[in-house]
Amino acid sequence: MKSLRIICAFLLLIAVFCSCSLDSKYSSEFFAMDTVMSVTACGKQSETAVNAIADEINRLDRLFSVQNKNSEIFRLNSEKQLNPSDETLELITRSIEISSMTDGAFDITTEPLSRIWGFYSGLENRVPSEKEIKAVLPSVGAEHIKIDGSTVSLDKSTSLDLGAIAKGYSSGRAAKILEENGISSALISLGGNVRAVGTKPDGSPWSVAVTDPDNSSEQIGVLSVKDRAVVTSGGYQRYFETNGKRYHHIIDAETGCPAQSGLKSVTIVSQDDTLADALSTAIFVMGLQKAETLYNDNNDLFGAVLITDSNEIYITENLKDSFSSYHSYEVIKA
Amino acid sequence: MKNRIWIIIFSVTVLVCTAVWIGLSFFPSPSKIVGIYQNGSLVEKVDLTAQTGERSIELNGDYGKNIISVTHGRIEMKSADCPDKLCVKHGELKSAGSPIVCLPNRIVIKFENQSGSADAEAGALL
């Protein structure tokens with residue numbers, strides 16, 4: 001009789017183990033914000049949470065989209081003045097803060113530049129003339145945005161594009177929804193903006209690879225992370241080629257051209273999704289030297305993996321224990 | 001009495017392990033099962049290890065036609081009418097963290113369950 005009880009307990013244990021690892025996992029993929037998104041969550045409420053995240057991201061896309069005629073950003077760009085929702089106001093304010101933190105390397109007013117380079121769907125990629133770029137540059141810069149209470153105003157030729165920060169904000173919102181649903185193990189990828197929520201179901205950290213910028217089906221290293229956003233900006237993600245020359249989509253607000261800072265990929269690790277997204281673009285524009293200074297002043301806020309045009313890999317000291325790679329790399333000390 | 005219990009536990013463990021082993025050898029390794037999705041819905045699952053010869057799968061989207069090529073152990077986007085052709089430039093599908101994505105025609109080609117690689121990839125499109 002006793003042995004029968006032990007056998008039953010043993011079988012029950014196997015059954016519980018199987019149900020935890022298989023039944024409570026739920027994944028979904030959807031297209032939003034001009035990219036493809038995937039959310040995988042483990043836990044009792046995983047299906048409810050994942051579906052709520054898809055709804056939330058589609059809602060945010062309708063607020064922040066630069067091309068959707070009903071979005072708040074589209075309306076602000078065409079009317080030049082708007083009382084937007086609290087969320088849009090918060091994101092514009094945050095963008096201006098990060099712009100000042102990065103000496104203008106992060107800039108949400110590059111919309112007219114991205115437009116003349118044809119980096120919006122429906123437009124043809126082209127290299128604009130120097131004259132065209134010079135005509136647009138005076139309306140670029142965070143100083144052309146005014147916030148008075150809850151009203152945002154733009155200078156006459158200024159237009160906003162939150163594309164370099166909206167996915168980060170959205171992944172932060174997604175992580176919040178998971179938390180509200182009691183989920184402590186999930187992985188979110190919003191077009192390459194990764195957010196690791198908690199740990200894997202077995203308690204080990206999530207492994208997030210960093211794409212090789214020269215061959216997107218290979219990886220240059222792996223980060224082991226818990227509760228962190230991991231965001232990469234690279235010239236390889238969106239680009240066009242004309243006369244044998246490659247032009248990528250990350251525009252330097254100072255020159256009006258695709259950034260040429262000597263970096264070809266920047267990965268940021270941070271607890272703050274919005275900051276991680278914005279800084280990956282900012283540091284791609286700033287280059288290695290300025291990135292080192294920024295890290296020295298803010299090493300409690302973010303870590304970074306940088307790949308230079310000559311294939312050298314640099315990681316910040318605070319990622320030393322979480323980064324592994326077959327390649328050799330230099331450590332940037334705080 | 002105690003010995004009997006241990007013998008029973010040992011027998012059950014052996015039985016479970018044998019069942020799992022038989023199960024695994026009857027079903028193909030999941031590492032080469034690839035899912036082809038369009039607009040978030042599964043179009044087809046392909047077992048790359050079972051593929052003999054070359055096969056083409058044609059999909060149509062807002063930006064024209066995509067042709068996927070499947071050979072033994074290999075899948076890639078052979079051609080695409082979309083403007084950027086990033087899916088064709090991606091080449092062969094190699095890792096779970098880096099799926100082949102055609103954004104204009106909303107196609108994703110990815111390994112269904114590949115063990116041993118990273119859980120996600122920063123900078124890849126998924």
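**Mixed sheet across A and B**

I started with an open sheet of four strands, ordered β16(A)-β9(A)-β8(A)-β8(B), with mixed pairing. The edge strands are β16 (323-324) of chain A and β8 (120-122) of chain B, each pairing on one side only. Strands here are DSSP E runs of at least two residues, helices are H or I runs of at least four, and both are numbered from the N terminus. Two strands count as paired if DSSP finds at least two bridges between them. I reminded myself that strands of a sheet pair through backbone hydrogen bonds, either parallel or antiparallel.

Next I looked up β9 (residues 215-225) of chain A: two bridges tie β9 to β16(A), in the antiparallel sense. A:Leu223 has A:Phe323 as its bridge partner in β16(A).

**Ground rules I noted**

This is a predicted model, with local features needing pLDDT of at least 70 and side-chain atom pairs counting only at pLDDT 80 or more, while totals for chains, interfaces and linings use all residues. Residues are numbered from 1 along each chain as its sequence is written, chains are lettered from A and ligands numbered from 1 in the order in which they are written, and side-chain values use heavy atoms, leaving out hydrogens and water.

**Strand β6 of chain A**

How many residues of β6(A) are buried? I got six of six for this strand, residues 185-190; buried means under 20% relative accessible area, exposed over 50%, partly exposed in between (1.4 Å probe, protein chains only). A:Ser185, A:Leu187 and A:Ser189 point one way, A:Ala186, A:Ile188 and A:Leu190 the other.

I then checked the neighbours of β6(A). Strand β2 (residues 35-42) of chain A runs antiparallel to β6(A) and is joined to it by six bridges, with A:Cys42 partnered by A:Ser185. Two residues sit between the strands of the β6(A)-β7(A) hairpin, where A:Gly191 takes a positive phi near 55°.

**A:Thr109**

Last, I looked at A:Thr109, in the loop between α4 (86-101) and α5 (111-116) of chain A. Buried or exposed? A:Thr109 is buried, at a relative accessible area of 0%.

Its side chain makes a polar contact of 2.5 Å with that of A:Asp107. For that term I used N or O atom pairs within 3.5 Å; within protein, one must be able to donate a hydrogen and the other to accept it, and residues adjacent in sequence count only if both atoms are side-chain atoms. The side chain of A:Thr109 also reaches the backbone nitrogen of A:Gly141 at 2.6 Å.
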